[in-house]
Structure formats: structure tokens, C-alpha cells
Amino acid sequence: DGSSVHGWGGLVGVISAGLSVKKEYAASANFLQYTNAADQIGPQLLFLMWVAAVTGAFTWGALKLLDIFGKLCGVGGIRVSAVKELEEMLQDSEIQDEIRIVTGSFQLDDRQVSYISHQYDSQLPAEDRIFIAADESHSLDDKCFFGLYDGHMGSQVSQFLQEYMHQAVFRRLESSPADIEGVLRDAFEEVDTSWKDSVNKRFHDGEYNLAMTGSCALVVFFHLGCINVAHVGNSHAYLGTLGLLGDIQLLDLTVQHSTDNPDEVSRLVREHTEEGVHVLEGGMDMRIKGQIKVTRSIGDLYLKDAAFNGPPLPPIWRIPQPYQPPYISSEPEVVQKQIEATDRYLLMISNGMKEFVTEEDIQTVMNEAVSISEIENDDIAGQLIRMALERAADKANLSLAELMSLDKNDRAGLHGDISAVLITFLTEDIRKFGERRNSLRVGRTSMVDLRPSKPIDKK
């Protein structure tokens, strides 16, 4: 504590002055011996200057040693700039002002579960979309749906998914309630086909951009005591479970569907043996036909169907020969996992966050939330968003304040839209959230209700 150190410095200064100043000056400091005020000035000033000098030196030295010691121990220094602290407070306020947040809670068997979604846009219109829903309209009450859709080259496909993916899942679930994996696979195929059918005429009428837009899709579906995850693209879902020592162990429930994944690269080359190296172009930054890194998505019709790789698509955007589509798959990866008593968090993030935040970062923030206070749980996603923005600013050689001052569309080249959904499985002793079975919409996030699929099974 800085004031405490300063107090000790003052005490040392007084003692030092008393011991060090010449005896006659120390004695003369007692102004009661003098009737002439002018005779007191010299000794008093000397005494006070000595105390001030020793106090300042001791305080500065002590604080400096503590600062160095703190840094060596890995806990940071103790010197805090008031200006920097104020800037950080203002930046936090600015970040919060730009984040769309939606919260809610639901009952999952005998456990209370809360959720909170965060969306921070880098451009207008934003390309990320979130949908959270319970299917009350279908009278199937033991389920809940979370969808995170990370669009690219426009928001049209992510918007389409926000409106229709949950409908496809719920409709198919009515006829096949026991085959959750089949339901999810068929729903992904359905929405991809529906998107193609919906833009076919518009494309040939001149809206060529619709052939180039696409979206990653991450769906988390709770049903009959299980977590069911289906996804295409490079968004991620992480399950945080409590270990034997009470710390968070992180499990990635998703697979990276991009050219950064050697398995996906091998699959692409295997499916296009006649094209060889022409499938992937770009050197170290490998892209499918030189266009995008994502290997599975909804949309991206010009990489799936030759009918969308000709007029009216401008020649500069057409894929040259050799051209043997499809290059992009809409087949999802499906994971089913029984919900366990030790499951604590489920975090869904878009690639805009994954680009700057590591699994170790996520695990650290979750562990801090567990160890400090249950009330802090909802801030996990917020802390990760700030971390991503700070690193985006560092990468661009900007301060966070400078990054925040840019117009949204100017930020798009520095970071993508950053979206996160945090689901918290509350234990019996920390139920701090009132029951609110929701059916509401806020911004581009839509909400509703919940419930929970065998040992983890990636298919």
C-alpha cells in the first residue's frame, strides 16, 4: 500500500533527522528557546528539508524495490498510473457501450443454468449472428437451441441461418426424436439447399454477390440430458469441467474446418486428386482455389456449384480452370456428450475471438471466475472480448483507445466481429439467477429457453 510505505518513510525521516543533524541545530529546533522568530528560521528549515529528503528517498526506494520484486514474482508491478487507470476505465465503458448483451436462465433437470451472449461488431452491417431458442411453439419442452453464425463476404447467409436453422432442427426433431445426430446433419443440408434455392433466381438477375457470401455455423442443442454440438467452419465450442482439484479442465467440442487443419487439407486433396496442388493456393496462407480458408460452410455457392461460377459473376471473381466443384462441404461435425455433474461452463466463440485468444487464455479466465466469485461468472466472455481487442490493437501497433476510436468499418481490417455465448451450469449452492424462461429479441440476438446427448463421440 503506497500510503503505508510513505508513512514509514516519514517516520524514518524524522528519526534520521533527529540522529543526524548537529546537536546544536537539533536543540535549536525547539522554538520555545527563542523569543526572536528570525533565529528559528534557519534550524527549522534545515530540519524540515532533511526530513523531506530522507522521507522521499526512503519511500521511492521502497516502492521501487517492491515494484521490481512484484515483476520478478510474475504478479506485475505496484506502480499504477492514474492516467492509464482512467483510460482503461473509459475504454471498458466504451467497450461495454458497443457490446450487445443478452442474458437469461433456465432449468436443466435439477440444475439451474444461466446464459449470456456478447456481440462486438467490427463493421456495419455486422456479419455475426446469434440465436437462442426453446421450442415452446412445438410443445417439445425438453430442449434448447443455441446458434452462433459467423458470416463472411456479407451477412446474408448468417442472417438466413439465424432465421431458419432452428426451424429446420425443431421440425425434423418432431419426426425423428431419437436420432439427434441425423436431425442435425439433415438440418444443415436442408438450410444449405434452401439458401441455394432462395438465391438462384436473384443471382441470375444480377445479384452475383449472393454466390460469394457464406457463413460458419455452430449449433449447441440440449436434449434429454445431453449436449449435442454440430458445426461447420472455424467457430468453436469449449466445455469447462471441474477437475479433482477444483480447477477448470477445457475440452474443445469442435474441429477446425479450415486449411489450417491437416486432416481437412488431406480430405480436400483426396477428393480432388486430378487437380493436385491447384486445390490449395497461397503458399503459407493456403486458401481453397486461392479464395477462402474455411473448408466447410453454409453458402459459398461459387465454390460448390458451377452454375454460380459464371455470368453474372464478374470474371475477376470466377474460379479459373481446373475447376471441379464442390470444394466446400456443408456436412457438419457432430459431437454428443452426456451432461456431467462436474460440467461448469460451455463457451461458444466466433473466429473473430479465436484469432486472438488461445485455449490457455480461456482456461485461465474460467479458473479465475471459479476461484474468485460466482458473481463474476457472467464476465468471462466480457474479459475475453477485451483481451481479443487489446491483442488486435497490439498487432496493429495501436493503443486500445486508438483502436476504439476508429470507425467500425475501418476496424474490419484489424479484427473481425467478435461474438461469444457463455452457458453456466450452476451448482446447488450458487443459484443466484432468478428463473426467467425467455422469449425475447435484443438487437441481432434472439432468445428463449433450455434442456440437454453419450460419452463424447466425435462423428
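This is a predicted model: local features need pLDDT of at least 70, side-chain atom pairs count only at pLDDT 80 or more; totals for chains, interfaces and linings use all residues.
Trainee: How many helices and strands does the protein have?

Mentor: There are 12 helices and 17 strands. Of the 459 residues, 50% count as buried. The accessible surface comes to about 21800 Å², and 56% of that belongs to carbon and sulfur atoms.

Trainee: Now the sheet. What is the order of strands in the open sheet of six?

Mentor: The general idea comes before the case. Strands of a sheet pair through backbone hydrogen bonds, either parallel or antiparallel. Here the order is 1-2-14-13-7-8, and the pairing is antiparallel. Strand 1 (99-108) and strand 8 (248-252) are the edge strands, each pairing on one side only. From one strand to the next, the twist averages 15°.

Trainee: How many bridges join strand 7 to strand 13?

Mentor: Six bridges link strand 7 (residues 236-242) with strand 13 (residues 343-349), and the two run antiparallel. Take G240: its bridge partner in strand 13 is Y345.

Trainee: On to cores. Which residues have the most contacts inside the largest nonpolar core?

Mentor: In soluble globular proteins, nonpolar side chains tend to be buried together. The largest nonpolar core here has 46 residues, and F145 and M165 have the most contacts inside it. Elements giving two or more residues to this core include strand 4 (143-152), helix 5 (156-175) and helix 6 (180-204). Helix 6 supplies the largest share, nine residues. M165 touches F145, Y149, F160, A187, F188, V191, A217 and V219, leaving aside residues up to four places away in sequence. Another core, of 32 residues, lies apart from the largest one; I99, F356, L384 and L422 are among its members.

Trainee: Where is the place of V357?

Mentor: V357 sits in the loop between helix 8 (351-354) and helix 9 (359-372).

Trainee: Is V357 buried or exposed?

Mentor: V357 has a relative accessible area of 1%, so it is buried; the cut-off for buried is under 20%. Not counting residues up to four places away in sequence, V357 touches I362, L384, M387, A388 and R391. V357 and L384 are 27 residues apart in sequence, yet 7.2 Å apart in space, C-alpha to C-alpha.

Trainee: Last, cysteines. What does the count of disulfides come to?

Mentor: A disulfide is a covalent bond between the sulfur atoms of two cysteines. In this model the count is zero.

Trainee: Are C144 and C226 buried or exposed?

Mentor: C144 counts as buried because its relative accessibility is 0%. C226 also counts as buried, at 5% relative accessibility.

Key
Residues are numbered from 1 along each chain as its sequence is written. Side-chain values use heavy atoms; hydrogens and water are left out. Helices (H or I, at least four residues) and strands (E, at least two) are DSSP runs, numbered from the N terminus. Buried means under 20% relative accessible area, exposed over 50%, partly exposed in between (1.4 Å probe, protein chains only). Contact means heavy atoms within 4.5 Å. Two strands pair if DSSP finds at least two bridges between them. Axes are lines fitted to C-alpha atoms, for helices over the stretch in contact, and angles run from 0 to 180 degrees between N-to-C directions. A disulfide is a pair of cysteine sulfur atoms within 2.5 Å. Accessible areas come from the Shrake-Rupley method with a 1.4 Å probe; for residues, only the protein chains shown count as cover. A nonpolar core is a set of buried Ala, Val, Leu, Ile, Met, Phe, Trp, Tyr and Cys residues joined through side-chain atoms within 4.5 Å.
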